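The sequence and structure come first, followed by the notes.

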Amino acid sequence: VLGRRRRRDGEPPLEQGWIPYLGLALEFTRDPQAFLLSCQQKNGDIFTVYLAGKYVTFILDPFLYQFVIQKNKQLDFQEFAMDLSSKVFGHPHLNDPKIPVSNEQLHKLYNYLQGKELNNLIESVMRNLNHRLNLEQLKSTEWKTDKLLDFCYRTMIEVSFASLYGTSPCDEQKQISELMQKFRKFDKMFPYLVAKIPIKLLWNTKRIREDLINYFISRELDGRLNMAFVIEKRKEFLEQHKYLQDHDIAAHHFALFWAAVGNTVPATFWAMYYLMKHPEAFTAVRDEIDHVLQSKDQGLAPVFNIRLSKEDLDSLINLGSAINETFRFCSASMNIRVSQEDFTLKFQEDRRIQLRKGDCVAIYPPLVHMDPEIYNHPEVYKFDRFMENGKEKTTFYKGDKKLRYYLMPFGSGSSMCPGRYFAINEIKIFITLILGIFDIEIVKEEKLIKQDINRAGLGILHPNSEVCFRYRLRQGRKI
Ligand code: HEM
């Protein structure tokens, strides 16, 4: 059968299925967690599965992750990521000999998402979110009803776009609202694009992608004010290469914008949702927020003008733990590497496996996140799971051995998300302002909200339906 191969000595157990080309892809996508657990029962912690034209070796024992992560020369991430990104976002493949733009140099610029520049980004997000919330124009006693995922998208796309790509001197509410709608349409197709379904077959996705790319062409970006340093530098870097057309550069900007909001918005949704569903968590987080706001004597009237520093946000331990617990529940990004040559991957002592050039090696963190040996009652949301003695808890055990990798929403090693600090701070700012300013509650829930697993392996899962909520200016709080 096409694609079938024989297992060689030293290679992990092999599961190929019987369907030509697809192999076990359908079983895997139907429920990755259940599928991997059943393979583990049969084969142990290391096995290879044939999935849609690729042999993927899964390493399920978290104590072996480090051996994969350390081998970043033989097990490459960048080539695979660039390939995928260029197909999904329609930009040229960097490192193509015809386009001598260094992907490595481009990566160095992501350092501007951290350190001193992170403080500036935090300040921008604060300013832009205060501005956005002031536009809501709520009167003090009036409840306003909305849909939670939609609210998170509207607010965070506007705030992230303004904080990264700057603000326009003209009113751009209409354009931003169109950007949000198009972004959501494109994002719905994201799993299909990753699965390499040709964009032509995905209705009008190609046109929507072009429209989105057009928001980022240089004549649109040039007049914007307060652009983030990371974007300014990235723009300068890409524009100095005459090989890249304006459209190519814009497509790169769009890819980064997708990375910046594609996971942050659903993560914010879940963080808010779980807080609203768990009153004890809501109260603990809100008390902590009030404490910080009061100590800073923050302005809430006549217009909201909350300004908190990174240190203030760092001090929100309950909130930080609630966000980590949210990540544990709903993050499902698979860490993939591609073997650059036939070689022996060595683990501790005499444990080792043979890998072939072109095969993938995968780590699937949701299995760790839901492991009852690591997390007591993993199916239960406990907002304070990641705190201990008033600080962030960082020691977790499996059996009696301490784990290095216990929570992995942001990937690992060479594929670690460079925007992780920015993302966590953005979510913290969002929740701090919303809980600080508003009373907020779920209105009705006709059916239980579940995670839609069609993005399993690709990042933060989405909810399978909307949640209706309402909010009003906080009562019983001096403003
Ligand atoms: C909750 C929010 C976020 C999550 C869960 C997340 C997760 C991830 C993960 C898992 C990867 C690795 C991808 C892989 O292994 O295939 C990644 C890569 C990346 N992320 Fe994030 N991310 C988030 C927010 C952000 C933000 C806010 C930014 C930028 C402002 C950002 C920028 C990037 C970039 C540029 C890459 C690609 C890095 C590379 O090519 O090496 N992310 N992210």
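## K87 and its contacts

Leaving aside neighbours within four places in sequence, K87 is in contact with L193 and K196; two residues are in contact if their C-beta atoms, placed from the backbone, lie within 7 Å. The structure is a predicted model, in which local features need pLDDT of at least 70 and side-chain atom pairs count only at pLDDT 80 or more, while totals for chains, interfaces and linings use all residues. Residues are numbered from 1 along each chain as its sequence is written.

K87 lies in helix α4, residues 78-89. Helices (H or I, at least four residues) and strands (E, at least two) are DSSP runs, numbered from the N terminus. K87 counts as partly exposed because it has 15 C-beta neighbours inside 10 Å. On this scale a residue is buried if 20 or more other C-beta atoms lie within 10 Å of its own, exposed if 12 or fewer, and partly exposed in between, with C-beta atoms placed from the backbone.

K196, one of the residues in contact with K87, is placed in the loop between α8 and α9 (205-214). K196 is exposed, with 12 other C-beta atoms within 10 Å. Its phi is positive, about 70 degrees, although K196 is not a glycine. Most residues other than glycine have a negative phi.

## Helices α4 and α8

The axes of α4 and helix α8 (residues 173-194) come within 10 Å and cross at roughly 130 degrees. Axes are lines fitted to C-alpha atoms, for helices over the stretch in contact, and angles run from 0 to 180 degrees between N-to-C directions. The two helices, α4 and α8, are therefore oblique to each other. Angles under 35 degrees count as roughly parallel, over 145 as roughly antiparallel, 65 to 115 as roughly perpendicular and the rest as oblique.

The crossing of α4 and α8 is right-handed; a crossing has this hand if the near helix is turned clockwise from the far one by less than a right angle, and is left-handed if anticlockwise. L84, K87 and V88 of α4 make the contact with F190, L193 and V194 of α8. By class, the residues of this contact of α4 with α8 are 5 nonpolar, no polar and 1 charged. Here Ala, Val, Leu, Ile, Met, Phe, Trp, Tyr, Cys and Pro count as nonpolar, Asp, Glu, Lys and Arg as charged, and the others, Gly among them, as polar.

## Annotated binding-site positions

The UniProt annotation "binding site", from an unreviewed entry, covers K87 and N263. For "binding site" the unreviewed entry also lists C417. UniProt positions are given in the numbering used here, feature names are shortened, and annotations may be inferred rather than shown by experiment.

N263 is found in the loop between α12 (246-261) and α13 (264-277). N263 is buried, with 24 other C-beta atoms within 10 Å. Apart from neighbours within four places in sequence, N263 is in contact with G459 and I460. C417 is in the loop between β14 (401-402) and α18 (420-437). C417 counts as partly exposed, with 18 C-beta neighbours inside 10 Å. Not counting residues up to four places away in sequence, C417 touches F410 and G411.

## Helices α13 and α16

The axes of α13 and helix α16 (residues 317-330) come within 9 Å and cross at roughly 110 degrees. The pair α13 and α16 is therefore roughly perpendicular. α13 passes α16 in a right-handed crossing. On the α13 side, A267, W270, A271, Y274 and L275 make the contact, and on the α16 side A322, I323, T326, F327, F329 and C330. The contact of α13 with α16 has 10 nonpolar, 1 polar and no charged residues.

## Other positions

E349 lies in the loop between β8 (343-346) and β9 (352-355). Phi of E349 is near 50 degrees, a positive value in a residue other than glycine. E349 is exposed, with 6 other C-beta atoms within 10 Å.

Q114 sits in the loop between α5 (103-108) and α6 (115-134), and counts as partly exposed with 16 C-beta neighbours inside 10 Å. Q114 and S331 are 217 residues apart in sequence and 22 Å apart in space, C-alpha to C-alpha. E210 is found in helix α9. The C-alpha atoms of E210 and N376, 166 residues apart along the chain, are separated by 47 Å.
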